[in-house]
Every structure is written in structure tokens, then in C-alpha cells.
Amino acid sequence: MYSGINISQTDPRPMYLQIMEQIRARIAAGDWAAGKELPSIRALAAALNVSVITVKRAYLDLESGGVIVTRHGKGSFVADVNGLAGELKAEELDEHLAAAAGIGRLLGLTPDELAQRLRRATRTLDRK
Amino acid sequence: MTTTKHIEMRNVRKAFRFFTLEDLSLDLEPGQIMGFVGPNGAGKSTSIRLMTGLLTPDAGEVRVLGHAMPDAQAIAKRDIGFVSDDMRLFGHASVGWHMRFVASLYPGWDPQYAKALVKRFNLRIEQNVSGLSSGEHVKTVLMLALARRPRLLILDEPTSGLDPVARHEVLTELMDVLRDEDRSILFSSHNTVDVERISDRITFIDRGRLVDSNDKEDFLERWRRIQLQVPAGTTLPDLPHLVSRVADGQFVTLTTNRFSKDLVAFLGSSVREVHRMSLEEIFVANVMHHREARGE
């Protein structure tokens with residue numbers, strides 16, 4: 001039922017981060033709307049063949065990040081925060097920008113040169 | 001609410017002529033899977049025989065599902081499913097005969113579940129046991145144990161003789177058992193990939209002694225390999241919680257079992273890389289460190 005979430009053994013990230021990332025992606029894409037009930041920890045563990053403690057860790061971190069809400073005895077739900085999907089997208093953007101900034105530094109680019117490249121990339125996208 | 005631990009071993013000792021299991025303590029809570037990991041000859045099977053009442057400890061206490069072992073083993077065993085890779089079946093009898101046999105002994109036998117398992121494991125009820133491949137043999141023994149729906153499953157190297165597909169089938173069934181939070185599993189293995197994936201708790205043993213027992217996530221979060229580059233002639237300060245330190249010219253590799261961001265901050269610009277460690281790497285480093293500390 002939740003087989004869309006993939007855990008890869010060649011992915012260097014720990015399994016709980018992989019689970020978090022794929023749940024965030026579903027929320028960011030709008031597939032999992034606010035208020036949607038997440039699979040129970042044990043059900044997801046069984047579906048993914050990973051330990052309960054790993055899924056629990058992913059849910060706890062998602063909860064402390066405000067992405068999901070856990071109601072005791074009722075289950076976990078996608079947090080009902082306005083614009084959460086947008087926020088997650090923005091977070092994803094920041095991660096990519098940080099990575100780009102890192103490569104820019106490696107190449108010895110100034111912030112202005114980096115910004116120029118970003119503008120060029122935007123124009124290329126507009127033309128498509 | 002106090003819940004009964006599914007396995008409780010306290011300072012257990014069992015001596016043989018050439019091997020002694022010494023001061024073993026471990027706990028398994030309901031709803032958990034414990035991976036019991038050790039090199040060959042570490043004492044995994046001896047520990048499991050103590051848990052299942054097949055051996056009597058020389059000292060210490062073994063309780064399983066709240067029952068003192070081996071004295072109360074008759075009661076405890078109704079709720080224990082035990083599978084080991086050297087378990088023999090009756091070669092001249094069929095898989096179905098074994099199912100009827102086990103069903104007649106255990107009232108908890110679930111015929112629907114047994115049928116479903118036979119299908120999922122690709123077994124044939126009418127086939128004689130002597131004609132089974134080694135993988136089918138393991139799956140048959142496991143099916144017979146699972147279909148009794150025991151609260152505690154104790155599995156001695158359940159996946160060691162299996163091909164990757166059969167291993168996947170077996171692990172999937174094991175995880176399915178854990179949907180019920182009053183059930184638990186202890187399985188011994190030296191396949192750390194399986195253990196890393198499905199265990200909640202991990203216990204390492206080596207040469208008859210406990211090396212470490214902890215939540216899996218704790219192991220993975222606390223162990224790191226840190227590579228430093230320090231100018232020649234620099235002496236590093238003494239650092240706590242180092243498991244090993246290997247220097248090669250300017251490059252120094254540290255292994256720690258208490259990783260924190262503070263450590264990286266303290267080491268500062270000399271840090272080149274910080275690597276997470278797989279359970280296998282943690283296992284080997286842990287065992288080597290433990291042997292060193294004991295002067296072996």
C-alpha cells in the first residue's frame with residue numbers, strides 16, 4: 001500500500017532520513033494534503049521492511065519540524081498549517097541554493113557572478 | 001502499567017571445557033526485534049539454548065515471557081517459536097503432515113495463516129520434506145513456527161542459508177509479525193545488513209561476553225569515523241570516547257562511539273571528512289576495541 005516509499009541501501013543517508021525526505025516530497029507535491037492520516041508506525045515499518053525504531057525516529061523528527069502532528073492513540077496526520085507545502089518547497093530550494101553556493105565557492109565565483117548565473121538559468125527556463 | 005519483558009537475562013554464566021559464556025545480561029521488550037550479532041563461536045547459540053531452556057545456567061537468571069528458565073519451560077514454550085538452521089524434520093513425511101502434527105500440539109495454531117504462509121513461501125503441502133531445497137527447508141520450519149502465532153520468536157541464523165529472494169520473503173514475514181505490538185523477535189545473525197534493516201535493538205557478543213547492547217538508532221548516531229589532516233609534528237590532544245586512532249603521515253583517522261557536533265567544532269579546521277558507519281563497520285570496530293581493552 002505504501003510501496004511508493006523506497007529505501008535504498010546504496011543511499012549513504014540513514015534510512016530514517018530517506019523516509020523523512022520521501023514523506024516531505026509527498027506533502028510538498030500536494031499528494032498528501034493537510035489532515036491526511038499517515039500510516040501507523042508499525043504498518044509503515046512492515047510495508048518497508050525496516051525496523052519500528054527507524055520509522056519512529058523519522059516520525060518524531062517530522063513532528064518536531066512541524067510537518068506532521070501525532071495525536072496519542074489516534075495516529076499521525078499531515079500538519080494543518082497554511083502553506084506548509086509551499087514552506088517545504090522553499091526549504092528544498094534553500095538546500096539546492098546552498099549546494100550551488102558551495103560549488104560556486106569551489107569555482108571561485110563571487111556572489112554577484114553566482115546571481116548572474118541564476119538569472120541566466122531563469123531566462124533559459126522562461127524561453128522553454 | 002508494567003509490561004513483562006519478553007527476555008530477561010541477568011549475569012548469566014555457562015561454562016564448557018573450551019568455552020565460557022560469562023556475565024551475560026540482556027533485555028527484550030514486547031514489540032521489538034533484537035538482532036543478536038557475533039562472530040562464529042561468540043556464544044550466540046549457547047545463549048539461545050539458555051533462553052529456550054535447553055541448557056541450565058551455572059549462575060545468573062534467565063526469564064522468558066516472565067517465566068524462570070529452564071524450570072518453567074513447559075509453560076513458556078507454548079508461547080515461544082524457536083527456529084534454528086540445523087532443525088530436522090521427518091524426511092519421509094510431507095509438509096502437510098508436519099502442519100497437522102504441529103497443529104495437534106499447539107492450540108494457538110492458525111490454519112488460515114499457515115495456508116497463507118505456504119502460498120507466500122511457495123511451498124507445496126503434499127511435497128515430502130526429503131525433496132526440499134535448503135531454502136525451502138528453512139521456510140518450512142519458519143512457517144511451522146509462525147503459524148502457531150507465538151508471542152516470542154527466537155531464530156538462530158534464520159537467513160544464513162537463504163538466497164536474496166527467499167531472504168526478502170522471510171524478512172517481510174518477520175516484519176509482518178511486528179504489526180502486533182505484543183509480539184517480539186530475537187534473531188541471531190552475522191549478516192549485519194539484515195540486522196541493520198529490521199532490528200530495533202542490537203546486542204553484540206564476542207568470545208562469550210557481551211560487547212554492547214543498545215537501540216539501533218543510537219549505534220548509528222553515535223559512531224563516526226573522522227578523518228583529520230594535521231601538520232607534521234602536531235600532537236593531538238587526548239580525546240574522550242575514541243575507539244581507535246590511526247595515523248598515516250599528516251592524515252589521522254579517528255573512530256568514536258560518542259559522536260557530537262562539539263567534537264567536530266573542537267577539532268576545527270583539521271577535519272577533512274566525517275563518515276557515518278554501517279552496522280558492519282560498527283560491529284567490527286566495536287569487537288576489536290573490546291578485545292584490545294581486555295588485552296586479547
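Me: Angles under 35 degrees count as roughly parallel, over 145 as roughly antiparallel, 65 to 115 as roughly perpendicular and the rest as oblique. How are α5(B) and α6(B) oriented to each other?

Reply: First, some ground rules. This is a predicted model, where local features need pLDDT of at least 70 and side-chain atom pairs count only at pLDDT 80 or more, while totals for chains, interfaces and linings use all residues. Residues are numbered from 1 along each chain as its sequence is written, and chains are lettered from A, ligands numbered from 1, in the order in which they are written. Helices (H or I, at least four residues) and strands (E, at least two) are DSSP runs numbered from the N terminus. Axes are lines fitted to C-alpha atoms, for helices over the stretch in contact, with angles from 0 to 180 degrees between N-to-C directions. Now your pair: helix α5 (134-146) of chain B packs against helix α6 (164-177) of chain B at about 10°, axes 11 Å apart. α5(B) and α6(B) are therefore roughly parallel.

Me: Which residues make that contact?

Reply: A contact means C-beta atoms, placed from the backbone, within 7 Å. α5(B) brings B:Gly135, B:Lys139, B:Leu142 and B:Leu146, and α6(B) answers with B:Ala166, B:Val170, B:Glu173 and B:Val177. By class, that's five nonpolar, one polar and two charged. (Nonpolar is Ala, Val, Leu, Ile, Met, Phe, Trp, Tyr, Cys and Pro; charged is Asp, Glu, Lys and Arg; the others, Gly among them, are polar.)

Me: And over in chain A, at what angle do α1(A) and α3(A) cross?

Reply: Helix α1 (residues 15-28) of chain A and α3(A) cross at roughly 50°, their axes coming within 8 Å. That makes α1(A) oblique to α3(A). The contact divides into eight nonpolar, one polar and two charged residues.

Me: Time for the sheet. What is the strand order in chain B?

Reply: Strands pair if DSSP finds at least two bridges between them. Here six strands of chain B make an open, mixed sheet, ordered β6-β7-β8-β3-β9-β10. β6 (80-84) and β10 (209-215) of chain B are at the edges with a single partner strand each, so one side of each has no neighbour in the sheet. From one strand to the next the twist averages 15°. Inside the sheet, β3 (33-37) and β8 (184-189) of chain B are parallel partners over five bridges, with B:Gly35 opposite B:Phe187 in β8(B).

Me: Which helix touches β3, β9 and β10 of chain B?

Reply: That's α10 (residues 279-293) of chain B, packed on the sheet and pointing about 40° from the direction of β9(B). Helix α1 (44-51) of chain B lies across β3, β7, β8 and β9 of chain B, at about 150° to β7(B).

Me: How many residues do the two chains put into their contact?

Reply: 12 from chain A and 17 from chain B. α2 (41-48) and α3 (52-64) of chain A each give at least two residues to chain A's side. Seven nonpolar, three polar and two charged residues make up that side of chain A.

Me: Which backbone feature does A:Asn49 show?

Reply: A:Asn49 has a positive phi of about 60°, though not a glycine, and sits in the loop between α2 and α3 of chain A. Over in chain B, the B:Met69 to B:Pro70 peptide bond is cis, omega near 5°.
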